[in-house]
Amino acid sequence: MAAIDYFLQFMLDNKASDMHLSSNKPPAYRIDGEMIFCESEPLGTDYIYSLADEIMNERNRQIFAETNDADLAYSLASTGDRFRVNVFRDLYGVGIVARVIPAKILTFEQLNLSPAIANLCTLNKGLVLVTGPTGSGKSTTLAAMIDYINRNRTDHIITIEDPVEFVHKDQKCLINHREVGQHTKSFSAALRAALREDPDIVLVGEMRDLETVEIALETAETGHLVFGTLHTTTAARTVVRIVQQFPANRQDQIRMMLAESLRGIISQTLCKRIGKGRVAALEVLLVTSGIASQIRENKVHMIESSIQTGYNLGMRTLNGALLELVENEMITTEEAIFRSLDRQSLMKMFEEHEIEYEVEDDDDEEFDEE
């Protein structure tokens, strides 16, 4: 039993999503979205490093020595629960952050994902992106989508992750999990190799560089269904982020590829649920011929209006998703306003639906993240 297991078990017992061990500070845990500090003595940097060293392999130690950061997956021997772990150095010394990977993959039904998202899982080719900030539940949504495919299709699925998080057992599909650094050199190298491995569906854990994005687009163009993630906050900004990764003289070509290959974008943020727990607000973009033209012609500013008019197709803006959560009494109006990226518009929607709300003066202005 590794010494860190005590902290991880405490995390599970208290239903925390994340554990933070920082030098010269007591342990802290994220519970229902809030950071809670333990009433205990601060931990020393040497002690924290010893906790990390016990669960790192030689490759992890070498990477940490060279970069002061290391990512790894770890399982509790006693329960089999899995964690995504990051070891790092900061101003005070060594730190560890661990996020629990639920042993049971939540289903479409449990996550209350819409039929429009289910339809994306029935496609035979194209690019589908799940986006949002770190900790917004992207991996959980993607896992539910792969589980849905695994239960309803007879295909070959390859997942490329760093590290492997949710482990799917073969049901109707054959699934191969590949971990960057462990089983392949990089996301882009694994994507190139995947084309020779007879895949129907490829999941790319993170489209973090230009080469990976380009190969993912090419893979989607050549008759495969590709799922990927990006750290963007809205569907429109996702399109902009992808295009702007490329040199100016290639951006028109990438817009053409994106217009042809992109099938949908799910942008999500986690909200505090009334009572206990958290729930995701999902902005959903489904690429119609009109939206494809907007991407091709660099009229991305029109995408949000197209999402609004595509309500009957299953599309939702973030504000529309937040409004539905408020109407279903799943989150408070205060939480919805806090999570919104366009607060003035959301408050106007509340007024149109005769929903009462309160907002402090400092919050009564539009927030636009760039």
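Two strands count as paired if DSSP finds at least two bridges between them; strands here are DSSP runs of E with at least two residues, and helices are runs of H or I with at least four, numbered from the N terminus. This is a predicted model, in which local features need pLDDT of at least 70 and side-chain atom pairs count only at pLDDT 80 or more, while totals for chains, interfaces and linings use all residues. Residues are numbered from 1 along each chain as its sequence is written, and side-chain values use heavy atoms, with hydrogens and water left out.

Strand β12 (residues 262–272) runs antiparallel to β13, and nine bridges join them. Within this pairing, C271 stands opposite V279 of β13. The hairpin has five residues between its strands, and G275 takes a positive phi near 95 degrees there. In β13 (residues 278–286), seven of the nine residues are buried, that is, under 20% relative accessible area with a 1.4 Å probe and protein chains only.

R178 is part of strand β9 (residues 174–179). Its relative accessibility is 18%, so R178 counts as buried. Beyond neighbours within four places in sequence, its contacts (heavy atoms within 4.5 Å) include E161, H183 and E197.

Helices α9 (residues 235–244) and α10 (residues 251–261) pack at about 135 degrees, with axes 9 Å apart. On the α9 side the contact is made by V239, I242, V243 and Q244, and on the α10 side by Q251, I254, R255 and L258. These residues comprise five nonpolar, two polar and one charged.

Methods: Axes fitted to C-alpha atoms, helices over the stretch in contact; angles between N-to-C directions. Nonpolar A, V, L, I, M, F, W, Y, C, P; charged D, E, K, R; others polar. Buried < 20%, exposed > 50% of the residue type's maximum accessible area, 1.4 Å probe, protein only.
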